[in-house]
Amino acid sequence: MAFQAEHVVTQKLHNNGYNCVASQVLVLSSDWEQKDVFLALAEHPAAEHWEDRLLLDVPADGDAAFTEEYFGPVLAVTQLPGDPRQFLDRAVDFANEKLAGTLGANIVLHPRTKRRLGRSFTEAITRLRYGTIAINAWTGVGYLTARASWGAFPGHPLTDVQSGIGVVHNALLLDHVERTVAHGPFRPFPRSVATGQLAISPRPPWFVTNRTARVTGRRLAAFAGRPGWSKLPGIFASALRG
């Protein structure tokens, strides 16, 4: 899900197979005057990892992307009407009722919009039935955090498993975990400092404007496969240039 410049966008992760933390459905407000600019970010010259992607403009009343997993760089875009508060309620209902699986959902939320929504935003998060909800972050952050639980929202029967039953990680061994909610900065450093927000430095590799995300990702994967102190300087050098 995403809120930006007084409006909301929702983004749903499909939930199984090789694309388990890849976004497949993007839901945004049809009344958001900046939606075309938002979608144009996909054409950003720094977005190397978006090469050969396919954006699908699909109706909200039904599409295969809502229930089937695409094993490729496909992002279905659909729209719902309403101001931020109306759209938030409709988007939560849409994600809960129309989309298969309950592994993860992203929310990009402008700080000013969050303040205006107040308690209704917290209530929306409570209603959203997903195992990991990332606010101004990628749900993969929840997966990479050992203390957080990772798994589908509880309640799937054996006859309709969807994203699975049970959780992994959960290093604190909490019983009856329902979901993990991860928070990140709306703006990267150093722009975050001017608005008094906590920020991550260097720029997170999942930011579309990160110029070295591909190189950093490959070096991290190589380190995970065969750790070694000699690989760390290259990882840091690439990450700091992002």
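**Entry 1: the whole chain**
I noted at the start that this is a predicted model. I found eight helices and ten strands in the protein chain. Of its 242 residues, 43% are buried. I also looked up how far apart in sequence the contacts reach: taking contacts between residues at least 6 apart, 63% join residues at least 24 apart.

**Entry 2: α7 against α8**
How do helix α7 and helix α8 pack, and at what angle? I got about 160° for α7 (residues 213-225) on α8 (residues 232-241), with the axes 9 Å apart. Anything over 145 degrees counts as roughly antiparallel, so α7 and α8 are roughly antiparallel to each other. I wrote down the crossing of the two as left-handed.

Then I went through the residues that meet. From α7 I have Val 215, Thr 216, Arg 219, Leu 220 and Phe 223; from α8 they meet Leu 232, Gly 234, Ile 235, Ser 238 and Ala 239. By class, this contact has six nonpolar, three polar and one charged.

**Entry 3: α2 against α4**
Next I took α2 with helix α4 (residues 119-127): their axes come within 10 Å and cross at roughly 5°. The cut-off for roughly parallel is under 35 degrees, so α2 is roughly parallel to α4.

On the α2 side I listed Arg 85, Leu 88, Asp 89, Val 92, Asp 93 and Asn 96, which meet Ser 120, Phe 121, Ala 124 and Arg 127 of α4. I sorted the contact of α2 with α4 into four nonpolar, two polar and four charged residues.

Phe 66 is in the loop between β4 (54-57) and β5 (74-80), while Phe 94 is in helix α2 (residues 84-98), so the pair ties together parts 28 residues apart in sequence. I looked up accessibility here as well: Phe 66 counts as buried at 3%, and Phe 94 counts as buried at 6%.

**Entry 4: Thr 132**
Is Thr 132 buried or exposed? I read 0% relative accessibility, and under 20% means buried, so Thr 132 counts as buried. Thr 132 lies in strand β7 (residues 132-135). Leaving out residues up to four places away in sequence, I found that Thr 132 touches Leu 103, Gly 104, Ala 105, Thr 139, Gly 142, Ser 149, Trp 150, Gly 151 and Thr 180.

**Entry 5: Asp 160**
Where is Asp 160 found? I placed Asp 160 in the loop between β8 (149-151) and β9 (167-169). With a relative accessible area of 38%, Asp 160 is partly exposed. I also checked Asp 160 against Gly 101, 59 residues apart along the chain, and their C-alpha atoms are separated by 9.8 Å.

Key
Residues are numbered from 1 along each chain as its sequence is written. This is a predicted model: local features need pLDDT of at least 70, side-chain atom pairs count only at pLDDT 80 or more; totals for chains, interfaces and linings use all residues. Side-chain values use heavy atoms; hydrogens and water are left out. Axes are lines fitted to C-alpha atoms, for helices over the stretch in contact, and angles run from 0 to 180 degrees between N-to-C directions. Helices (H or I, at least four residues) and strands (E, at least two) are DSSP runs, numbered from the N terminus. Angles under 35 degrees count as roughly parallel, over 145 as roughly antiparallel, 65 to 115 as roughly perpendicular and the rest as oblique. A crossing is left-handed if the near helix is turned anticlockwise from the far one by less than a right angle, and right-handed if clockwise. Contact means heavy atoms within 4.5 Å. Ala, Val, Leu, Ile, Met, Phe, Trp, Tyr, Cys and Pro count as nonpolar, Asp, Glu, Lys and Arg as charged, and the others, Gly among them, as polar. Buried means under 20% relative accessible area, exposed over 50%, partly exposed in between (1.4 Å probe, protein chains only).
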